[in-house]
Amino acid sequence: MTLRAGDIVESLGGELFGDADRVIERLASLERATDTDLSYLVNPKLTHLLGSSQAGCVIVGTPMADAARSRGDCIVADNPHLYFAKVTQLWKRVHGDMPRPGIHPSAVVEDGAVIDSSASIGALCFVGRNVRIGADTVLHPRVTVGDGCVIGARCVIQSGAVIGGDGFGFAPHDGMWEKIEQLGAVRLGDDVEIGANTCVDRGALDDTVIEDGVKLDNQIQIGHNCHIGKHTAMAGCVGIAGSAHIGAYCTVGGAGMIAGHLTIADHVHVTAASVVLHSIDKPGQYTGFFPTTDHRTWEKNAATLRHLHALRDRVKRLERLLPRNDDVA
Amino acid sequence: MTLRAGDIVESLGGELFGDADRVIERLASLERATDTDLSYLVNPKLTHLLGSSQAGCVIVGTPMADAARSRGDCIVADNPHLYFAKVTQLWKRVHGDMPRPGIHPSAVVEDGAVIDSSASIGALCFVGRNVRIGADTVLHPRVTVGDGCVIGARCVIQSGAVIGGDGFGFAPHDGMWEKIEQLGAVRLGDDVEIGANTCVDRGALDDTVIEDGVKLDNQIQIGHNCHIGKHTAMAGCVGIAGSAHIGAYCTVGGAGMIAGHLTIADHVHVTAASVVLHSIDKPGQYTGFFPTTDHRTWEKNAATLRHLHALRDRVKRLERLLPRNDDVA
Amino acid sequence: MTLRAGDIVESLGGELFGDADRVIERLASLERATDTDLSYLVNPKLTHLLGSSQAGCVIVGTPMADAARSRGDCIVADNPHLYFAKVTQLWKRVHGDMPRPGIHPSAVVEDGAVIDSSASIGALCFVGRNVRIGADTVLHPRVTVGDGCVIGARCVIQSGAVIGGDGFGFAPHDGMWEKIEQLGAVRLGDDVEIGANTCVDRGALDDTVIEDGVKLDNQIQIGHNCHIGKHTAMAGCVGIAGSAHIGAYCTVGGAGMIAGHLTIADHVHVTAASVVLHSIDKPGQYTGFFPTTDHRTWEKNAATLRHLHALRDRVKRLERLLPRNDDVA
């Protein structure tokens, strides 16, 4: 199926320079686009791709408008990345690929669940007792939402996600573990996305809370009683231990790990594969992982690392023998 | 729903100081509790919270009994953490939130499976051929138990868990991989908990074995032919490669990784995010991860780390020029 | 059930030395085998186990043929590991444990899906619109294959896997995230295995591609638009960020992480728990993780590591005071 260039700006705004009747058959990257494709340019560093691209039409920002117009048709938008996102949404809507409202007959919905009539509950989902699900929310197939959990409006829950499994709580006694029943639930705000096979555990006493606009990628684990501030985003394989309080507008790179009971300020960015063991009260980028090299180099460096403290002591001894000028002044 | 304070000690023991008819409306932490809530104090370092808490009644151990009584109603128990765990269980039972025995009509149970009549098989579960499931075990919705696996009594399997997927076994030939069919199964002891979306692979020839009382959090991967000793607990995102033999009473922190074919002694504690490549034969705490700092500091330290072995050689050279006193004696 | 030794060589080739009517009751490792078991020897370093093994018959390669014959019955094969793999397949086939062709009645298959009649779609699977699934492919129970995805022949998809969830794509605006609908799909070649609870995301515009013979273990995350070359294998808990291009014949150890938009050459081997942030253009082994030690040693080394760059500067100062011979020449 196709869209006319004119239909796009009619739906989404922006200024079209070129043929409103141009037929768009596909969305594509600048490198791969052909003359029936719509492409987009977000990163100014890639402006050089404009000249060589075969795209029939390109979405650009105002600063690139002249360059884009000199090569052919374009749509100029204030925020070309945002505009492109909205084009993908329009594309999906027009092509009828959006999940349909309603509850798939193979889904299991327990007593007391209140599901907005505009929400879509996919095949083979499980929705527990007294769950509430807001308007236009989509549960893809094979999602679990445990008893008493609340999901806001316009959320998207990918396949295999488990919202409201038990938190990991046990009382130790005589070397064994006695289960602490998890009596809280999970509350997701509006516009939250939860990735495939991601888990958000229910709280022990109070609820685990995911605020508006949070985006979680796949294979993430959110422990019980966490609080994730609004518009925070986390990439795949992240783990957040129980009772961590993560601020708003944060990002956590893939496989980043945050220990339990920490407080992370707003606007903190944790690099991929970094392990955060202490609270962070200042915005900024935080990093910690061993850089990868060829194996032989790693072996030598790792062997030295195992005795790094002793190496420091050896340097200290040398310094005592060769004092600084200001030390001996 | 509510419980009377007197009902609690009648069910669970402990000594009540205060009003047996006090109505408990909720369980809550000391900080959040109101005068209709029951709270608890486990950590002696938090004794100062007792004075300011609004809790109607507090569970404490004998050493804190006087402090607790001086502020109001309390229940004194030998092990207040264990007692609190049992209160959460009582609470859930009384409020009718326990999974019901029986097999949900949407579950698929294959021929030859033997499921105790007191067990609960949740919605949309798959139970393979010749599986055995013990008394009072609960499979939450959307769990897989593969053919021939055995699950003991009083186990809890959270949603999305896969017990008995194939182990990862292939014979290399000409750069390709030929599948080794995994002919073993998985055996879980009694009182085992398996977290949401956690996987325990079936053995190649013999079975993968999880002993009594083991607790596994979410998103964990247990490779084929592992043996996990009794009452060992692992936090989320842990990975245990194939044929590892983990002792009893161990703990593995979140995202800890243990290589295959290792033997880990009893009472070993692996810190979160640590990678264990060698067998460990002594109880204790073991750790290994790069400490996270602000990104700029990490960049500088990581750059040095890439040449750490050379730095050691430079220190060695300096030492040759400045011998130790006892070297030159 | 059992197999005769003669039946095995008749089916799979190899040369039997010993009794063709010997009844094999089980496959077992050399250490555990009894005289009714068939075992195998792959690693020449384990030749000493031959003498003490109670196995009724042993699969060996030509170089070990004499040693094996001197102890009893054996099957000599060019590649004993490959031969053993084929015996496990024969064993499973003969014992009727193979998944049956057809679509389980509890599976949900959407309009337009084309499933080869020899394929097996397990219980409670979801197969989206216009999906194509090739001959002899097996979807174990509780698998998701999203709309438009293509799966080749002889693939095995373990329980809980999600093929074709949305990639993690959002356009940032005003601190919030606007969803970029993921319009691509996933294409798996032939002979691909996908582990339990592993996720392969659909592409943003183009498809995510997994080539022939790729083997992915459990709990893996493959981001959108990745391209994984043929016969590459990855162990559990690996994460590959979006748009990474991984070569053929690579391996990634458990919990290895590869950043997005990288290119990794053929025949690259990433060690377990290593984080790859830069493209790799040379075959070889690459490693990077902090070696685990007892906790006290780690604490001291990690404390020094936080100031490693300063330590290097201190060594530099010492070197200025004690110049190299060739520096002062």
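The legends below describe close-up views of a predicted model.

**View 1. Domains along chain A of the predicted model.** In the assignment used here, chain A is divided into three parts, with domain 1 covering residues 3-94, domain 2 covering residues 102-286 and domain 3 covering residues 295-328. Between domain 1 of chain A and domain 2 of chain A, the C-alpha centres are separated by 36 Å.

**View 2. The contact between chain A and chain B.** This contact draws 56 residues from chain A and 59 residues from chain B. On the side of chain A that touches chain B, at least two residues each are supplied by a set of elements that includes the strands β18 (162-165), β19 (170-173) and β20 (176-179), together with the helices α5 (295-305) and α6 (308-321). The largest share of this side, five residues, is contributed by α6(A). Sorted by class, the residues that chain A brings to chain B comprise 27 nonpolar, 19 polar and ten charged.

**View 3. Strand pairing from chain A to chain B.** Strand β36(A) is joined by two bridges to strand β37 of chain B, residues 293-294, and the two strands run antiparallel. Within this pairing, A:Thr287 is placed opposite B:Thr293 of β37(B).

**View 4. The contact between chain B and chain C.** Here 56 residues of chain B meet 59 residues of chain C. Among the elements of chain B that give two or more residues to the side touching chain C are β23 (199-201), β35 (275-276) and β36 (284-287), as well as α5 (295-305) and α6 (308-321). Of these elements, α6(B) provides the largest share of that side, namely five residues. The side of chain B that touches chain C holds 27 nonpolar, 19 polar and ten charged residues.

**View 5. Strand pairing from chain B to chain C.** Two bridges connect β36(B) with strand β37 of chain C, residues 293-294, in an antiparallel arrangement. B:Thr287 has C:Thr293, in β37(C), as its bridge partner.

**View 6. Helix packing between chain A and chain C.** Helix α6(A) packs with helix α6 of chain C, residues 308-321, at an angle of about 35°, and the two axes are 10 Å apart. The crossing that α6(A) makes with α6(C) is left-handed. From α6(A), the residues A:Arg312, A:Val315, A:Leu318 and A:Glu319 take part, and they meet C:Leu311, C:Arg314, C:Val315 and C:Leu318 of α6(C). By class, the residues in this contact of α6(A) with α6(C) are five nonpolar and three charged, with no polar residue.

Definitions and conventions: Residues are numbered from 1 along each chain as its sequence is written. Chains are lettered from A and ligands numbered from 1 in the order in which they are written. This is a predicted model: local features need pLDDT of at least 70, side-chain atom pairs count only at pLDDT 80 or more; totals for chains, interfaces and linings use all residues. Two residues are in contact if their C-beta atoms, placed from the backbone, lie within 7 Å. Helices (H or I, at least four residues) and strands (E, at least two) are DSSP runs, numbered from the N terminus. Ala, Val, Leu, Ile, Met, Phe, Trp, Tyr, Cys and Pro count as nonpolar, Asp, Glu, Lys and Arg as charged, and the others, Gly among them, as polar. Two strands pair if DSSP finds at least two bridges between them. Domain bounds come from an automatic or database domain assignment. Axes are lines fitted to C-alpha atoms, for helices over the stretch in contact, and angles run from 0 to 180 degrees between N-to-C directions. A crossing is left-handed if the near helix is turned anticlockwise from the far one by less than a right angle, and right-handed if clockwise.
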